[in-house]
Amino acid sequence: MYKVIGTKKSRAFRVLWMLEELKEDYDLITAPPRSDIARQYNQTGKIPALVDGEDVFTDSVAIMTYLADKHHALTAPAGTPDRARQDAETCWLLDEFDAILWAAAKHSFVLPEGKRVAQIIPSLHTEFERNAKTLTNRLGANEFLMGNKITLPDLLAVHCIGWAFGADFPKIPDQLKDYSNRLRSRPAFRAAADR
Ligand SMILES: N[C@@H](CCC(=O)N[C@@H](CS)C(=O)NCC(=O)O)C(=O)O
């Protein structure tokens, strides 16, 4: 059985949701960032980590990719044009959503107080607003980011939209809110949230 190291209120949620979508059994070892337990699995103390037998993997997107490839679900097959397009979407979300949210978190509560630059936050909000509009246009009338099937970038996007909401990022377009709410009502999302 898989073991996930992390907390539900962190990027570890992406991994829990993926495992629920795949209908795979797992144990959640609740470990906050930089805790002693987290450091047992990742020297940096960052979460999440995934234990699969003898192997330990880190980074939420690397873990989701591993699981999707291994179980042949929620991804286009590796080495196909569809996969290249899907990976580009994933990388774009990391650059333009995750990185902005992480920068805002660092300058709000992660960095030591003396190293935080509060003045950067409005600029991050503006960037996020622009990127949210781009994502809305890309989604268009599709049900999912890559078309008519849920794939890894949907899990990443919806996690980031929820994160933005929780961090009071303003001006999330209604269409993105609807998309996010639709995916959050999936049984797999609810099961991960209820762990
Ligand atoms: N790119 C990594 C980022 C991991 C990460 O920074 N996780 C946060 C919690 S969501 C953390 O452990 N932060 C503690 C730290 O940066 O020291 C991933 O997606 O897993």
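Me: Two residues are in contact if their C-beta atoms, placed from the backbone, lie within 7 Å. Which residues does P33 touch, not counting residues up to four places away in sequence?

Reply: With those neighbours set aside, P33 touches S10, A38, G45, K46 and I47. This is a predicted model, in which local features need pLDDT of at least 70 and side-chain atom pairs count only at pLDDT 80 or more, while totals for chains, interfaces and linings use all residues. Residues are numbered from 1 along each chain as its sequence is written.

Me: How far apart are the C-alpha atoms of P33 and I47?

Reply: They are separated by 5.7 Å, although the two residues are 14 apart along the chain.

Me: What makes P33 buried, exposed or partly exposed?

Reply: The count of other C-beta atoms within 10 Å of a residue's own decides: 20 or more is buried, 12 or fewer is exposed, and anything in between is partly exposed. P33 has 18, so it is partly exposed.

Me: Where is P33 found?

Reply: P33 is in the loop between β2 (26-30) and α2 (36-41). Helices (H or I, at least four residues) and strands (E, at least two) are DSSP runs, numbered from the N terminus.

Me: What is the phi of R34?

Reply: The phi of R34 is near 65°, a positive value in a residue other than glycine. R34 is also in the loop between β2 and α2. With 13 other C-beta atoms within 10 Å, R34 is partly exposed.

Me: What does R11 count as, buried or exposed?

Reply: R11 has 23 C-beta neighbours inside 10 Å, so it counts as buried. R11 lies in the loop between β1 (2-6) and α1. Apart from neighbours within four places in sequence, R11 is in contact with P48 and S60.

Me: What makes the peptide bond from I47 to P48 worth a look?

Reply: That bond is cis, with omega near 5°. P48 is found in the loop between α2 and β3 (49-52).

Me: Which residues surround the ligand?

Reply: They are S10, R11, P33, R34, G45, K46, I47, P48, D59, S60 and V61. A residue is near a molecule if its C-beta atom, placed from the backbone, lies within 6 Å of it.

Me: How many residues of each class are in the shell around the ligand?

Reply: Four are nonpolar, three polar and four charged. Ala, Val, Leu, Ile, Met, Phe, Trp, Tyr, Cys and Pro count as nonpolar, Asp, Glu, Lys and Arg as charged, and the others, Gly among them, as polar.

Me: What domains is the protein chain divided into?

Reply: The chain has domain 1 (2-74) and domain 2 (81-191), with bounds that come from an automatic or database domain assignment. Their centres, taken over C-alpha atoms, are separated by 20 Å. Eleven residues from domain 1 and eleven from domain 2 take part in the contact. On the side of domain 1 that touches domain 2, α1 (12-22) and α3 (60-71) each supply at least two residues. α1 gives the most to that side, with six.

Me: Which residues touch the most other members of the largest nonpolar core?

Reply: V15, L16, M18, M64, A157 and C160 do, in a core of 46 residues. Helix α6 (residues 152-166) gives the largest share of this core, nine residues. The core draws at least three residues from each of domain 1 and domain 2. A nonpolar core is a set of buried Ala, Val, Leu, Ile, Met, Phe, Trp, Tyr and Cys residues joined through C-beta atoms within 7 Å.

Me: How do you know whether the radius of gyration of the protein chain agrees with a compact globule?

Reply: The radius is taken over C-alpha atoms, and the globule rule is 2.2 Å times the number of residues to the power 0.38. For 195 residues a compact globule would be near 16 Å; the chain has 17 Å, so the two agree.
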